[in-house]
Amino acid sequence: MATVHDEIDNWLAADLYGELSDEEQRQLHTHLVDCVACRKTHQETKTMNKILEETLARKKPDPAFEQRMLAVFRNRIPERSGLVKMLADLMRVRAVQITAVAAILLALVQMGRMITGESATPSHNRAAYAGEQLVQQASQVAASEPGRAGSLNKSDELAAGQSKDLALARPQPAPATRSELAREAKVGPSTVAPAKAAQADANEPQAFAMSPEGVAAAEQAAQGPAETPAPEVANRKLIRNAIVQLEIVSFDDAVQKITAFANEEHGYVATTNSEKQANGKLRGQVVVKVLPQNLDRFLQKIRGLGELKNQTLGTEDVTKAYFDTDARLKNARVMEQRLIDMVKTKTGKVSDLLQVEKELGRVREEIEKMQGELKYWDSQVQFATVTISLVEKDMEEPAAFLLKERSQLALYAPDVEKIYNDIKALASQKVQITNAQLNRDSSGRISATMSMLIAPEESEAVIGRTKGFGRVENFQTQTERIAQGGSGMSENAKTKHDKVELNITISREEQEQALQQTSLRIRTSSVDEKTKEVRSLAEKQGGRVRSSYSLVDLHIGGSTGPWEASLFASCL
Amino acid sequence: MDASEREQYRAAIHGDRGAFEMVIRTHSRTLFAIAYGILQNREEAEDVVQDSLVKAWKMRWRVRDPEKFPAWLSMIARHRAHDVFRKRRPDFTHETIETTEVNTPETSAMDQQLHSALATLPELHRAALTLRYFEEMDYRTIENTLGLTNGALRGILGRALASLRKQLRPALASTD
């Protein structure tokens, strides 16, 4: 196992980034106490980290970064509008893709026939052949076992499955199957099966339809064949539900309107939930229950609330399961009655009686379960469930842009106080001083910080003048464009300049600029004495010594006095 | 990853523009950190983020598993940044681009040294460093973002820091 010492770099980095466990931390610190080399590395790593933190902090993206990325993205990928978007959305659904391909192929086949003048025979066209076969299969099943809805349903599923795989057969057999079954339904009105098959068949496009037009068309298709066998309609148990995604301006408004619409259609809002997103917009879900016959009208209404993003409409036929359960329930009731009778007559052994009691309990439990199931279905059938997802829209077009400019100026000057007052004197209607501070630190050094707001038209002149007051050490300007009343880019929005913020720091110039520099080399027998002499001379002349040092060469003389001295002084 | 996050990625992959824009809001900075790490230049890095987002939108159907969406985004940004880095003109210099920042002489000297020291590191190490310093991500998140195996980052960041430390040793001594 590698020791701490061998992998000290990894350990130190992990320590720095808070990735060491308590135990690991203890190990590291124990080692650092023992090892001088690693201690040194530890010091250096800490300094390195500080430098990285400071340097990289300045490279981070500015606060408007995400907004800019979004704006560029929207610019480069414009949102598709209306029909194109709808078609693209539609094409994402597999069933629609298949149907579209099938339709195109069929059209091609038809054209081919028209050109060659051939009549269609199953052997000429695999698709047509397969379709015909399916029709036969389906009608055979329907004819031979009209009472068994299950098997017919299965064959229809089979047909649907095969047609998906073949991608060709679907459009052809569909109408054939439907009309066949509709006829069948008239022949045997006492069975539920044909109507159900027709329904299942018609449901398929409906379940996948996503566009408003598609839904309407599917709706008609569903009603068409389903209405033919009139007596069964009333008994059919259909669960209808819809999922709608809307982009709206205001969440609360939308919820209010949805509630109003629900009341109009004799429905009610079941649940509402919402959450605030990072961008401050709300997103949430409203579940509404409406009477199934009012569902379409309700959907039409809520579509007007905002931009429809997505819509799924589904119908689940629970007729078979419902009546199966219903029949089983009746049987169970009969069973219950018989068991009760057995208990009442009280013949036989006690153990038999106990057996009967036990059985009675089981049957009753089953009855309750089935009753609950039927009740649930009833409630589901009674009301259609509409789940509406709402997302608040980002306002695309900002009303205006505000251009904010912020400048930092660092000035160095010999007389801080004078400049401080000079700058203060600049104050006028267009130049507003928001902060002015004159500081004196413990060593008596004076510095000042000032902030001002300048009217945009004056900013250049004022900043220029301020710069002239001293030596500019550093000047930075930051300009930010802030969108108002929206986000993103807009061609039409006006750009307004905000007041320019100027922050000034004034520090005392430590090193006055020398007008003239003279260097003098003096050869002397006593360096020490001469140094003192020059020192006092400088002081007498109103100057001061800025630095001095002396060199001693021990090898040559071995004496204690300095051999060479340098003096740097300045005077008026 | 919680369910709502997963759902958001799923919606984005399925073309929900709102969900995708949300991803832009939440992930742009991560992508920038990766791109900046590799390129060491803000303008170029920003371009890389923009290109990556556009590419991600166009290719979004390629992602099968919504959980992999963030890592996939990062991969696009990494590749794009790598391409930009390779295609740089030979006379390209850091200073010609970064003129907007005015610094005092000492810090810019340090900047310069750090910049050249960083340039000697492998791209992956640089990206890991910037993710750590820009976004303050923990090791686990960085590993997920850069598609590294569990535990690999410890060695990477250790070596990266050691290399920087050795190169900047003289400067470090003076700042102490």
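Modeller: Start with one term. Accessible area is worked out by the Shrake-Rupley method, using a 1.4 Å probe. On that basis, chain B exposes about 8200 Å². Carbon and sulfur atoms supply 52% of that area. Keep in mind that this is a predicted model.

Biologist: What are the chains built from? How many helices and strands are in chain A, and how many in chain B?

Modeller: Chain A has 19 helices and 13 strands. Chain B has 10 helices and 0 strands. Read chain B from the N terminus and the elements run α-α-α-α-α-α-α-α-α-α.

Biologist: What share of the residues is buried in chain A, and what share in chain B?

Modeller: The cut-off first: buried means under 20% relative accessible area. In chain A, 37% of the 572 residues are buried. In chain B, 54% of the 176 residues count as buried.

Biologist: What span should helix α3 of chain A have, at 1.5 Å a residue?

Modeller: Helix α3 of chain A runs over residues 36-57, so its 22 residues should span 32 Å. The end C-alpha atoms are 32 Å apart, which agrees.

Biologist: How do I read which way a helix faces?

Modeller: An α-helix has 3.6 residues a turn, so residues three or four places apart point the same way. Now look at the buried residues of α4(B). Among them are B:Phe69, B:Trp72, B:Leu73, B:Ile76 and B:Ala77. B:Ala81 and B:Val84 are buried as well.

Biologist: Which elements do the buried residues of α4(B) pack against?

Modeller: They pack against four helices of chain B: α1 (3-13), α2 (17-39), α3 (42-59) and α8 (139-146). For α3(A), the buried residues include A:Cys38, A:His42, A:Thr45, A:Met48, A:Ile51 and A:Leu52.

Biologist: Let me try one residue in chain B. Is B:Ala11 buried or exposed?

Modeller: B:Ala11 has a relative accessible area of 12%, so this residue is buried. B:Ala11 lies in helix α1 of chain B. Leave aside neighbours within four places in sequence, and B:Ala11 is in contact with B:Asp16 and B:Ala19. B:Pro66 is 55 residues away along the chain, yet the two C-alpha atoms are separated by 8.8 Å.

Biologist: And positive phi angles? Where should I look?

Modeller: Look for residues other than glycine. Phi of A:His266 is near 60°. A:His266 sits in the loop between α13 (251-264) and β2 (268-276) of chain A. At 55% relative accessibility, A:His266 counts as exposed. B:Gln40 also has a positive phi, about 60°, and is not a glycine. B:Gln40 is in the loop between α2 and α3 of chain B.

Biologist: Is B:Gln40 buried or exposed?

Modeller: B:Gln40 is buried, because its relative accessible area is 7%.

Biologist: Which residues make a nonpolar surface patch on chain A?

Modeller: A:Val101, A:Ile104, A:Leu105, A:Leu108, A:Met111 and A:Ile115 form a patch of about 590 Å². A:Leu105 is in helix α6 (residues 94-116) of chain A. With a relative accessible area of 35%, A:Leu105 is partly exposed.

Biologist: How many salt bridges cross the interface of chain A and chain B?

Modeller: There are 10 salt bridges across the interface. B:Arg154 and A:Glu24 also meet through their side chains in a salt bridge, at 3.3 Å from N to O.

Methods: Residues numbered from 1 in each chain as written. Chains lettered and ligands numbered in written order. Predicted model: local features only at pLDDT ≥ 70, side-chain atom pairs only at ≥ 80, totals over all residues. Heavy atoms only, no water. Buried < 20%, exposed > 50% of the residue type's maximum accessible area, 1.4 Å probe, protein only. Helix = DSSP H or I, 4+ residues; strand = E, 2+ residues; numbered from the N terminus. Contact = heavy atoms within 4.5 Å. Expected span 1.5 Å × (residues − 1). Patch = residues over 30% accessible without salt bridge, like charges linked within 9 Å, V, L, I, M, F, W, Y side chains within 5 Å. Salt bridge = Lys/Arg side-chain N within 4 Å of Asp/Glu carboxyl O.
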